[in-house]
Amino acid sequence: MITPADIVTYDGYNLIVRPYDKLGRELQQKQVRTVEVRLVDARTISAEQRRKIYAIIRDISDWNGDEPEFLKEYLKFLFCGEKGCKYFSLSDCEKSIATEFISYLIDFCFYQNICTRDTLLNLTDDINKYLYSCLENRKCAICNKPGEVHHVDRVGMGFDREQIVHTGLRAICLCRNHHIKAHENENKLFKENHIFGIRLDEYLCKVLNLNTKGKSNGKTTKNGA
């Protein structure tokens with residue numbers, strides 16, 4: 001059973017809610033001991049989020065030839081099916097839903113190798129998810145061209161990169177040109193584009209064919225080659 005509820009109070013640990021429906025019978029019959037809590041974002045989609053969504057949909061439309069209005073509804077349908085959420089309108093949906101939808105559209109473009117008029121770095125609404133997706137899809141975080149892994153926590157000279165455990169190290173995906181610039185002046189490149197390295201998890205290491213097992217033969221260095 002799913003029912004909405006109002007938050008009465010929260011002290012940092014205990015959350016007290018007042019459900020809209022009477023739950024006594026359900027609680028007794030099903031011996032309910034735990035619940036799932038979904039926080040509803042009271043904020044609504046911003047004009048900037050709406051602009052980003054329509055810009056990406058326009059680029060997808062240019063790629064496959066479908067009308068933007070049809071694509072908007074079709075992609076929303078796919079998104080709702082994958083995320084298990086209800087249909088939403090881009091006129092007044094939750095701000096968090098809009099953020100997730102933008103990330104979904106970016107993933108779609110990466111997966112389908114869709115060229116966009118502007119780099120998707122300028123259209124993302126969640127930089128962490130964007131940088132993760134760039135690594136997952138081997139797309140440059142700056143220009144979206146095919147990319148390669150740039151280690152922010154770099155392996156020191158003299159160590160076998162294949163033997164180093166990469167899980168937990170920070171990395172970012174960059175094309176060859178931006179990779180070279182990163183080695184020349186990483187701080188400047190990152191600051192200019194508002195990007196940074198993210199921690200590699202086991203999934204990313206697997207996708208990128210990076211070692212996740214065994215012991216490191218040496219230490220990592222912050223500014224190694």
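This is a predicted model: local features need pLDDT of at least 70, side-chain atom pairs count only at pLDDT 80 or more; totals for chains, interfaces and linings use all residues.
User: What makes a residue count here, and how are residues numbered?
Analyst: Numbering starts from 1 along each chain as its sequence is written. Local features need pLDDT of at least 70, side-chain atom pairs count only at pLDDT 80 or more, totals for chains, interfaces and linings use all residues, and side-chain values use heavy atoms, without hydrogens and water.

User: Which residues make the contact of H2 with H3?
Analyst: Contact means heavy atoms within 4.5 Å. Tyr54, Ile57, Ile60, Ser61 and Asn64 of H2 meet Pro68, Leu71, Lys72 and Leu75 of H3. Six of these residues are nonpolar, two polar and one charged.

User: How do you know that the length of H2 agrees with its residue count?
Analyst: The expected span is 1.5 Å times one less than the number of residues. For the 18 residues of H2 that gives 26 Å, and the end C-alpha atoms are 26 Å apart, so the two agree.

User: Which residues of H2 are buried, and what covers them?
Analyst: Buried means under 20% relative accessible area (1.4 Å probe, protein chains only). Among the buried residues of H2 are Ile53, Ile56 and Ile60. Their cover includes H3 and H4.

Key
Helices (H or I, at least four residues) and strands (E, at least two) are DSSP runs, numbered from the N terminus. Ala, Val, Leu, Ile, Met, Phe, Trp, Tyr, Cys and Pro count as nonpolar, Asp, Glu, Lys and Arg as charged, and the others, Gly among them, as polar. Buried means under 20% relative accessible area, exposed over 50%, partly exposed in between (1.4 Å probe, protein chains only).
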